[in-house]
Amino acid sequence: MTYFSEHYVTILLTILYVGGCLYIGWYFKKKASQGVEGYYVAKREIPGWVISLAFFSTSASTNTYIGQAGKSFQYGLSWAWMGLIWTVFCIISWQLLGPKMRFQTARLKSFTIPDYFHLRYKSELAKSIRVLSAVIILFATLWYMIGIAKGCAHVLTSVLDIPYEYGSFAIIAITCAYTIWGGMYSVLWTDAIQGIIMFGVAILMLAIPFIYVGGPDNLLEAIRTTEHLTKSGVPIKSGLVTFGELVSFLYILGIGLSIGMKQLSEPKNLIRFYSIDNAKSMRFAMIWTPVFLGISLVCVMGLGALVHSMATPDEAAYLIQHTDEVIGFMLAKFDNELVSGICVAGLFAAGMSSLASVIIIIGTAFVKDIWHVIKPMPQHKIVPRTKWFMALYCLLVYVLTLYPMAGIVELTAFAGAVFAASFFPAIFGGLYLKWGTDLGAMTSMIAGMFVNIIWRFAIRFEYDALKDVHEIIPAFIVSMMTYVVVSLWSRKRAPDAAHLAVVFGVSKKA
C-alpha cells in the first residue's frame, strides 16, 4: 500500500495512457483485417494532420527524449545543435521525398520500401534487391528497438522502481499487442495521439530544472561554471556553455547525420508518405511536421546540461557515466507525482510510437519481401503470418534488451547509419534519376552496409584520430558514389521507356 500511495498518480496516468493505445488497436482491428493494403498502408486514406504528428512522434523517440537529452549532461549545450541538424533533414525529407514517394508508390501499387525497389527498378536483380533490403531492415531495426526499449525501461526503474527486465517487457509487449491488432491504422492513429502528448511533455520537461532551482538566473549561474567532473575526471567548469569544449563538432555532425538522415531513408518514416490521403494533406504535413519536431528538439536536446543544476557532485559523478538515466533522475529528484505521471506517459509515448512503427515494418519485410518472394503464398495468409512474425521478433528484441550492446544514442545512431547509407541512394535515384539502375541500387546497398560495419567494428575505435568520425560519413559517401558510378556504367539496364512513363508520369492528384 505504501508503494501505491507514493506512486498512484503516475501509475493511474500510465494505465490510462496504455489503455487508450490498446483501445485504438482493438478499434481498428476489423478495418485492418480487410486485406494487405489496409493492414500495411491503411488504404492510403489517413489525414495530413495525423501523418504529420505520426512522423514527428516516430522521429522523436526515447532516443531523443531520454538518450539524446541525457547525452547533453556529458557534452553540454553544444549537443543542442543536434536538434537543428535533425530539423533540417525533416524539412528535406518532406520537400524532397514526400510528394514524389506518395505519387510513385501509388502508381506502382507498392506497400513496402523493399517492394518499391523491386517495382521501380523492375528486373530479376530487383527481386534480389527487395530481399536484400528486407534483410538490412531486420538487421538494423534490431539495434534500434533495443535502444528504444532500454530507454523506457530505465525511466520506469527511476520513477516507479520497476525492475529493468519487467519495464522492458511491458513496453515491448503492450506496443506489440496494439500493432498486431490494428496494423498501420493503429500505428498511425496512436502515433498522432502520442505526438500531441510528446509535444506537451517536451515543454514541461524543459521547465523542470528552471522551477527546481528557482528561475532562469539561478539555473544559468549553476551551469555557467561547475565543479562537476567530466567522464575522464576533469572539472567541467564552463564546458556546459562553451561550444565544442566537451565534445568535438565532428562527433556532433556524425551523430546528427546518422540519426537525421534516417528521415530520408528509414522505412518507418518513409512509409508515412504511402498512407497520406491527398495533395492537400501532403501540403499541410510538409509545413507543420518540421515545426512540431523543431520546437520539441529545442526543448529536449540540451536538457541534460540543465540537470547539472539539480545534481549534487556525487549524483553528477554517477550520471556522467550513465547518461541514459539522467531524465529518470530529473523526474525522481523533482518529486512531483503529477508531473512525473505526465512525463512518464510522454516518455512511454515516445518509445511506443517508434516501436510500433518498426514492429510493423519488420513484419512486412520478412513476410511480404522475403518469404512471399522466395515462396509465394495466398494473399489471405500474408497478414496472419505478418502478425506471427512480429510477435516472434519482439520476443527476440526483449531477450537482447536484457543485454544491450551499447547505450541508446550509439544503438540508434548505428541503425540510422545503416539505413542512410544502404537505402538513400537507391531511394533518391528511384525518385529522381531515370538512368538509375538495379545494379547501381544493389551495389550501393552492399557498399553502404559493409563500410558501416567495417568502419565501426574494425577502424573507428582502433585509432584515436578517427573515434569521432561516425561511420555514416564514409559509408554514405561510398554508397552514393557507388550508385552514381555503377548506374552510369550500366545505363543499358535502366527500365524501358514505358515503365519509366508509369513511374514518372504526370498526375494532377498526389
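Phe139 and Trp143 are separated by about one helical turn, because they stand four residues apart in helix 8 (residues 124–160). Helices here are DSSP runs of H or I with at least four residues, strands are runs of E with at least two, and both are numbered from the N terminus. The model is a predicted one, in which local features need pLDDT of at least 70 and side-chain atom pairs count only at pLDDT 80 or more, while totals for chains, interfaces and linings use all residues. Residues are numbered from 1 along each chain as its sequence is written, and side-chain values use heavy atoms, with hydrogens and water left out.

The structure holds 31 aromatic pairs. Phe139 and Trp143 form an edge-to-face aromatic pair, with 6.3 Å from centre to centre and 65 degrees between the planes. Rings of Phe, Tyr and Trp (its six-membered ring) pair if their centres lie within 6.5 Å; planes under 30 degrees apart count as stacked, over 60 as edge-to-face and the rest as tilted. Phe139 is partly exposed, with a relative accessible area of 28%, whereas Trp143 is buried at 10%. Elsewhere, one aromatic cluster is formed by Tyr23, Tyr27, Phe28, Trp49, Tyr185 and Trp189.

Lys100 lies over the face of Tyr432, at 5.0 Å from the ring centre, and Arg456 lies over the face of Phe457, at 5.9 Å from the ring centre. The criterion is that NZ of Lys or CZ of Arg is within 6 Å of the ring centre and within 35 degrees of the ring normal.

The chain as a whole may now be considered. Its secondary structure comes to 23 helices and two strands. The radius of gyration is 22 Å, close to the 24 Å that the globule rule gives for 510 residues, so the chain is as compact as a globular protein of that length. This radius is taken over C-alpha atoms, and the globule rule is 2.2 Å times the number of residues to the power 0.38. The C-alpha atoms fill a box of roughly 70 × 50 × 40 Å along the principal axes, and 61% of the 510 residues count as buried.

Helix 9 (residues 164–213) spans only 30 Å between its end C-alpha atoms, whereas a straight helix of 50 residues would span 74 Å at 1.5 Å a residue. The expected span of a helix is 1.5 Å times one less than its number of residues. Helix 9 has a kink of about 125 degrees centred on Gly183, where the bend at a residue is the angle between axes fitted to the seven residues ending there and the seven starting there. Gly214 follows helix 9 and has a positive phi, near 95 degrees. Thr190 also lies in helix 9 and counts as buried, at 0% relative accessibility. The C-alpha atoms of Thr190 and Ala356 are separated by 9.0 Å, although these residues are 166 apart along the chain.

Among the buried residues of helix 22 are Ile472, Met480, Tyr483 and Val486. In helix 14 (residues 279–300), Ile287 counts as exposed, at 55% relative accessibility.

Strand 1 (residues 226–229) has a covered face, Thr226 and His228, and an uncovered one, Glu227 and Leu229. Strand 1 and strand 2 (residues 235–237) pair in the antiparallel sense over two bridges; two strands pair if DSSP finds at least two bridges between them. The bridge partner of Thr226 in strand 2 is Lys237. Five residues lie between the two strands of this hairpin, and Gly233 in the turn has a positive phi of about 95 degrees.

Most residues other than glycine have a negative phi. Lys237 has a positive phi, near 50 degrees, and is partly exposed, with a relative accessible area of 42%. Lys109 likewise has a positive phi, near 55 degrees. Lys109 is found in the loop between helix 6 (81–108) and helix 7 (113–121) and is exposed, with a relative accessible area of 61%.

Technical notes. Buried < 20%, exposed > 50% of the residue type's maximum accessible area, 1.4 Å probe, protein only.
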